[in-house]
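Look at the sequence and the model first, then follow the questions.

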Amino acid sequence: MPREIELKLELASGTAEDLLTHPLLNKAQPLPKQSGQLHAVYFDTDDHALHREGISLRIRRRNGKAIQTIKAEGPHKGIAMDRGEWETPVDGELDLAAACGTPLGKLIADKTMRVGIKPAFSVETDRRAFEAKFDGAVIEVALDCAKASGGDRTITFSEIELELRQGKAGALFALARRLSEAAPLRLSTVAKSERGYRLLDEEVLRPVRAGKIKLPKDATCAETFQVIARSCLAQMVENEALVRLTQEPDALHQMRVGLRRLRAAISLFRSQLLSDSESAEIRSNLRWAGQALGAARDLDVFIERLRSMDDAVPDPSHMEEIERRRTEAYRNLLETLESHRFMDVILQTAAWIEAGAWMASGEKGRKSVRERPARDFAAAELSRRFKRIRKLAKHLRDVGDEERHELRIRIKKLRYGTEFFASLFTSAKASKRRKTFSSLLAELQEHLGDLNDLAVGGSLAMYLPEVSPKRLERQREKLLDKSEASLRVLAKADPFWL
């Protein structure tokens with residue numbers, strides 16, 4: 001299958017001219033045949049059936065020539081777009097016969113579907129293209145100033161596309177970091193076609209939840225970590241764009257979930273695979289990013305908790321103060337997301353996932369760890385963590401809020417590990433055990449989370465005078481009872497990985 005491996009970046013501030021001053025682009029070879037004015041029309045059905053299947057269909061015109069392009073998403077969604085791509089010269093009209101043998105071909109075998117395909121939106125692009133040789137790879141660099149038009153709406157945007165022509169994908173990320181020295185660049189997972197669909201349907205702009213991790217049975221540790229980490233970082237990046245656009249609480253929640261999943265993945269592989277100094281720097285950077293998201297998210301949770309208490313209404317002046325604090329927290333958060341440091345942390349993390357020192361280390365035994373079967377590694381790591389949780393759970397009432405919070409974090413990491421490695425254990429017995437195990441972990445995480453909300457949120461009595469400390473203590477005791485009951489059941493559960 002013809003493949004397109006492409007990294008998209010947004011110019012956060014400044015202009016494309018700033019990027020052209022970078023020595024790497026100064027030395028790059030201009031590509032006049034790929035540059036100029038591009039006019040593209042994208043096609044779909046009224047209900048966007050192609051988009052739902054991860055397929056885009058367009059005709060792009062340049063200098064009187066028209067090329068039809070079909071693109072199809074790959075099996076693993078990540079930061080770099082790894083898609084099937086089929087191009088066909090056309091006379092200006094769709095040539096659906098050329099879809100034979102592509103994912104689109106299967107869809108249009110249905111006549112109703114085939115006749116329903118029509119123009120959906122257009123994208124006009126002013127492109128400057130170059131060929132750069134970097135880090136052993138040949139990369140096409142395209143600087144695009146574009147306008148998408150759909151329905152009665154339009155949007156303008158500037159982006160940089162780095163398309164791999166020869167070499168390894170890690171070079172795309174390394175080049176992106178170098179170019180960000182000249183102008184702040186933000187990783188993006190939004191294709192031009194996606195911008196068009198957003199003009200037609202605002203429902204497309206909804207928080208992105210964690211995708212399922214699909215691992216081959218013979219996956220190695222290194223391959224497995226990369227698949228997992230790409231998925232987690234993609235979830236974080238996609239929701240970060242929504243946070244900047246909407247400031248919706250659920251978008252921030254899912255962005256934070258993506259970050260926590262990524263940190264959990266690093267923790268799972270840390271001792272054997274990610275113990276080098278660069279990995280330690282990545283962990284530190286992601287910890288800082290997590291703290292930057294925390295204040296606004298904690299206030300979202302606190303406000304939601306207050307509003308859910310039917311029998312106790314906060315004083316209007318108190319609620320106004322809390323909302324003011326939330327507004328300030330989001331303002332600080334947006335400043336952080338627009339900072340060069342935050343954008344570089346994301347770029348650095350992406351480059352590290354693809355081609356970090358952990359991938360090339362020649363230390364004794366490091367290569368064998370990278371090539372170790374993921375199934376063996378998962379069974380050993382999940383067993384170790386489960387044993388530790390059962391030991392800590394015996395003293396739930398005897399420890400303080402911080403220790404219980406630490407237990408919750410351990411349970412959350414085990415739950416994420418259960419999700420990450422699920423596709424490695426697919427027998428009927430393993431699947432049944434995994435569903436039970438995952439359900440117990442989710443239940444326990446919720447109880448301990450509510451306990452943590454009581455502790456982190458402070459005394460609700462300061463905002464709800466009618467809520468007595470005794471009532472809060474009763475809630476705490478009730479949650480402790482539920483947590484202990486869930487822990488007893490979990491301790492007896494059969495591990496699905498054995």
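Q: Which side chain meets Glu-240 in a salt bridge?
A: A salt bridge is a side-chain nitrogen of Lys or Arg within 4 Å of a carboxyl oxygen of Asp or Glu. Here the partner of Glu-240 is Arg-244, at 3.0 Å, N to O.

Q: What kind of model is this, and how are residues numbered?
A: The model is predicted: local features need pLDDT of at least 70, side-chain atom pairs count only at pLDDT 80 or more, and totals for chains, interfaces and linings use all residues. Residues are numbered from 1 along each chain as its sequence is written, and side-chain values use heavy atoms, leaving out hydrogens and water.

Q: Where do Glu-240 and Arg-244 sit in helix α8 relative to each other?
A: Helices (H or I, at least four residues) and strands (E, at least two) are DSSP runs, numbered from the N terminus. Helix α8 covers residues 221-246. Glu-240 and Arg-244 are four residues apart in this helix, so about one helical turn separates them.

Q: Is Glu-240 buried or exposed?
A: Buried means under 20% relative accessible area, exposed over 50%, and partly exposed in between (1.4 Å probe, protein chains only). Glu-240 has 4% relative accessibility, so Glu-240 counts as buried.

Q: How many salt bridges does the structure hold?
A: The structure holds 41. One of them joins the side chains of Glu-161 and Arg-127, at 3.2 Å, N to O. Glu-161 lies in strand β9 (residues 153-166) and Arg-127 in strand β7 (residues 118-134), so this pair ties together parts that are 34 residues apart in sequence. Glu-161 is buried, with a relative accessible area of 9%. Arg-127 is buried too, at 8%.

Q: What about Arg-476 and Glu-477: buried or partly exposed?
A: Arg-476 is partly exposed, at 26% relative accessibility. Glu-477 is also partly exposed, at 29%. These residues form a salt bridge, with the closest N and O atoms 3.3 Å apart.

Q: Which residues form a positive surface patch?
A: Patches are made of residues with over 30% relative accessible area and no salt bridge: like charges are joined within 9 Å, nonpolar side chains (Val, Leu, Ile, Met, Phe, Trp, Tyr) within 5 Å. Lys and Arg count as positive, Asp and Glu as negative; His and the chain ends are not counted. Here the patch is formed by Lys-387, Arg-388, Arg-390, Lys-391 and Lys-394. Take Lys-391: this residue lies in helix α15 (residues 374-393). Lys-391 is exposed, with a relative accessible area of 53%.

Q: How many residues of helix α7 are buried?
A: Eight of the nine residues in α7 (residues 192-200) are buried, so the helix is mostly covered. Among them are Tyr-197 and Leu-199.

Q: Where is Thr-336?
A: Thr-336 is in helix α11. At 19% relative accessibility, Thr-336 counts as buried. Glu-328 is in helix α11 (residues 316-337) as well, but is partly exposed at 33%.

Q: What radius of gyration does the protein chain have?
A: The radius of gyration is taken over C-alpha atoms; the globule rule is 2.2 Å times the number of residues to the power 0.38. With 498 residues, a compact globule would have a radius near 23 Å; the protein chain has 25 Å, which agrees. The chain has 18 helices and ten strands.

Terms used. Areas by Shrake-Rupley, 256 points an atom, 1.4 Å probe, with all protein chains shown as cover. Charge placed at Lys NZ, Arg CZ, Asp CG, Glu CD.
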